[in-house]
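Hello,

Here is the structure I said I would pass on. Have a look at it, then read my notes below.

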Amino acid sequence: MRQLTINDHAILKACENIIDGIAAMYGEHTEVLLHSLDASNPSITKIANGHITGRSVGAPITNLALMKLNEGQDVSDSYMTQSPDGKTLRSITIVIRNSEQDAIGLLCINSNLDAPFQSVMRTLLPGLAPQVDSGFTPETFARSNDEMMQSSIEGVRTQVMADDTLSPSKKNREIVIRLNELGIFDLKDSAQIAAKGLDISIHTIYRYLRELKTA
């Protein structure tokens, strides 16, 4: 470890949203924390779900975290640890480096394996109610931009065509409006792909987009 620079501290500060994001993704049974490797004060600078190990910001770096740092792996293999009150944890340690490849921090994830299964599932499936579909967002995990656009166009088209409040003559325009709100037309060749998918001319697509800009 060494004395961190202002830039090093800025990098660690920028990582704090990542801590919150991982914790939000995996819920209350997963502790996520950021260790600073500043030689003057190697300690936790950000932590989410600290109730799992009973720690908070300012807690010192652990001996095991230092061992993982010295193993030479920027992303450790997962390993088993135990919290002070006896909970079994599955853990992983990730080294954070600056532009000079100096280690400046550690991102640590500790999942409580002793948590009740139903409680874990409730945190992983927020808002899951009898209306199962209401808990899901139609995200497209595509392998290319073309595939993503085709999937988005088809998804929006299906929604609009099923909307009986829209007259048939307005449905293509509504599809273009919704695709524009998704940012689809910021992508290369999107207008051509949309025109083909909707079986309308590209000039019609451009006309709808012009009308949106002047509305």
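There are zero disulfides in this structure, which is a predicted model. A disulfide would need the two sulfur atoms within 2.5 Å. Both cysteines are buried: cysteine 15 has a relative accessible area of 11%, and cysteine 108 has one of 7%.

Next, helix 2, which covers residues 16-26. Glu16, Ile19, Ile22 and Ala23 are buried there. Seen down the helix axis, these buried residues fall within an arc of 125°, so they line one face of helix 2. The general rule behind such a pattern is simple. An α-helix has 3.6 residues a turn, so residues three or four places apart point the same way. What do the buried residues of helix 2 pack against? Their partners are helix 1 (6-14), strand 1 (30-36), strand 2 (44-48) and strand 5 (103-112). On the other side of helix 2, the exposed residues are Asn17, Ala24 and Met25. Glycine 27 follows the helix, with a positive phi near 85°.

Now serine 91, in strand 4 (residues 88-97). Is serine 91 buried or exposed? Its relative accessibility is 2%, so serine 91 counts as buried. The side chain of serine 91 makes a polar contact of 3.0 Å with the side chain of threonine 81. Leaving out residues up to four places away in sequence, serine 91 touches Asp77, Ser78, Tyr79, Thr81, Ile109 and Asn110.

Last, the nonpolar cores. The largest has 19 residues. Val176, Leu179, Phe185, Leu198 and Ile205 touch the most other members. Helix 5 (145-161), helix 6 (168-181), helix 7 (190-198) and helix 8 (202-214) each supply at least two residues of this core. Helix 7 gives the largest share, five residues. Take leucine 198 as an example. Another core, of 13 residues, lies apart from the largest one. Its members include Leu12, Val32, Ala48 and Ile109. Ile109 is also one of the residues that serine 91 touches.

Best wishes

Key
Residues are numbered from 1 along each chain as its sequence is written. This is a predicted model: local features need pLDDT of at least 70, side-chain atom pairs count only at pLDDT 80 or more; totals for chains, interfaces and linings use all residues. Side-chain values use heavy atoms; hydrogens and water are left out. Buried means under 20% relative accessible area, exposed over 50%, partly exposed in between (1.4 Å probe, protein chains only). Helices (H or I, at least four residues) and strands (E, at least two) are DSSP runs, numbered from the N terminus. The arc is that of the directions from the helix axis to the C-beta atoms. Contact means heavy atoms within 4.5 Å. A polar contact is a pair of N or O atoms within 3.5 Å; within protein, one must be able to donate a hydrogen and the other to accept it, and residues adjacent in sequence count only if both atoms are side-chain atoms. A nonpolar core is a set of buried Ala, Val, Leu, Ile, Met, Phe, Trp, Tyr and Cys residues joined through side-chain atoms within 4.5 Å.
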